[in-house]
Amino acid sequence: MIKQILGRLPKKPPKSAESREFSDGALNGPMLSSSASSRSGSLPGTSKPNGNSYEALPSFRDVPSSEKQSLLIRKLNLCCVVFDFRDPTTNVKEKEIKRQTLLELADYVTSANGKFAENVLQEIVKMVSINLFRAATALPHENKVLEALDSEEEEPVMDPAWPHLQVVYEFFLRFVASPETDPKVAKRYMDHSFILKLLDLFDSEDPRERDYLKTILHRIYGRFMVHRPFIRKAINNIFYQFIFETEKHNGIAELLEILGSIINGFALPLKEEHKLFLVRVLIPLHKPKCMQMYHQQLSYCIMQFIEKDCKLADIVIRGLLKYWPVTNSSKEVMFLGEVEEVLEATQPAEFQRCMVLLVRQIARCMNSFHFQVAERALFLWSNDHVENLIKQNRKVILPIIFPALERNTRGHWNQAVRSLTLNVRKIFSDQDPELFEECSQKFQENEGKQEEIYSKHEATWKSLQEIAASKSYK
């Protein structure tokens, strides 16, 4: 009796079979959780074909309209079979049948007339889930972080199954964008669990896959309004994990590109939730070492906030100063470029709140031994708006920056930096000769005092050495 009951229970497939079942391409991307893999594996139609059972189905043109829906479902079930694309010699005929079927499905979705029925929506989401939400063969993040940081232009891993996956993504993109897809019905199957699995795929190392995911997620965000808060929250969680835990994720640039479009659509005045996103997510994204991989998209998102609310410029500049790099010169050059971009959109009132801290950092950059950092800092005076802000507040700024100008003029090793420094000195001298002369005299006085202090220190050490020497012979 017990054996009969146990015999009816579903058996767990062996690991070897499970790995074959989900080997739809050797994608070195996100490793889905075991629960996600088991859910995908439990869906019907994922077994491999046996013998000649995998046969092409009739074309939509060859059946009457009354049978097209049932044929659509049969074709979707046919495409639920997953093949191993790492070996190009296996299941060649079946793979081609599936590819042609997927192309036909993509054309059908594009030309569909009338809303998709609920059972069709369910089958579409099932087919897409089985094909896309596959287990990955990538190494764990812990083994790859250092390698990624060491190689600035690491070659991306291209998925051998991409020619097949591309058709699945194209079909899904057309389905999401189709006016015949009813979001109110589709949301029951494209639920929060589906969204999370889709976001997991952004860690794919194949840039072609991430590009499709970016477009699809943006369309989902636009059409499925009920999912918008959840999508923003889920993306935030990815950023939190990236900033404070792993510092390794392949899809940060694409996610920021989506957010740039989302931020552009924020209504005014900005909600407190959106301002917190700026402070807690976007500004801390300057912290990771690999920031250059997504800096362009990050800078765009931040500028969207400042253009919507110029009062946020002070918060952004203070945030940049908080995460200012100390030993990474290339990153420091990027920070200076972003500072210039922020200052272009900064009003005088906001600039005055943070100018002392900012100018002190700029002065340190001007004296940097890395000539590109020093040059980039001095190039700020080439921007008319920045120069005007400095000119309006020169009585505060010049006393802070004058010592850095003098040190560069006297002793910087790079000729170009010395030349740029002389140009900046001339700008200040022409704007306010009296203030410039006053700062010059004060600098000389401070220099004299420093020399006196240094001489006293030298004399003290010399006397201590003499005392120590005299006692050592006794």
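How many disulfides does a search of the whole structure find? In this predicted model, the search returns 0 disulfides. Cysteine 79 illustrates the point. Its closest cysteine sulfur belongs to cysteine 80, 7.4 Å away, and is therefore too far for a bond. A disulfide would require the two sulfur atoms to lie within 2.5 Å. Cysteine 79 counts as buried because its relative accessibility is 0%. Cysteine 310, in contrast, is partly exposed, with a relative accessible area of 30%.

Cysteine 79 is also one of the contacts of leucine 105. Leucine 105 is part of helix 5. Its relative accessible area is 0%, so leucine 105 is buried. Beyond the neighbours within four places in sequence, leucine 105 is in contact with Phe60, Leu72, Lys75, Leu76, Cys79, Met127 and Phe171. Phenylalanine 175 lies 70 residues from leucine 105 along the chain, yet their C-alpha atoms are separated by 9.7 Å.

Helix 4 spans residues 68-78. Its buried residues are Leu71, Leu72, Ile73, Lys75, Leu76 and Leu78. These residues pack against three partners: helix 5 (92-110), helix 6 (118-132) and helix 8 (162-177).

A buried charged residue occurs elsewhere in the chain. Glutamate 375 sits in helix 19, which covers residues 371-378. Glutamate 375 is buried but has no salt bridge. The nearest side chain of opposite charge is that of arginine 376, 9.0 Å away. Residues up to four places away in sequence aside, glutamate 375 touches Asn414, Ala416, Val417 and Leu420.

How values were computed. Residues are numbered from 1 along each chain as its sequence is written. This is a predicted model: local features need pLDDT of at least 70, side-chain atom pairs count only at pLDDT 80 or more; totals for chains, interfaces and linings use all residues. Side-chain values use heavy atoms; hydrogens and water are left out. Buried means under 20% relative accessible area, exposed over 50%, partly exposed in between (1.4 Å probe, protein chains only). Helices (H or I, at least four residues) and strands (E, at least two) are DSSP runs, numbered from the N terminus. Contact means heavy atoms within 4.5 Å. Lys and Arg count as positive and Asp and Glu as negative; His and the chain ends are not counted. A salt bridge is a side-chain nitrogen of Lys or Arg within 4 Å of a carboxyl oxygen of Asp or Glu.
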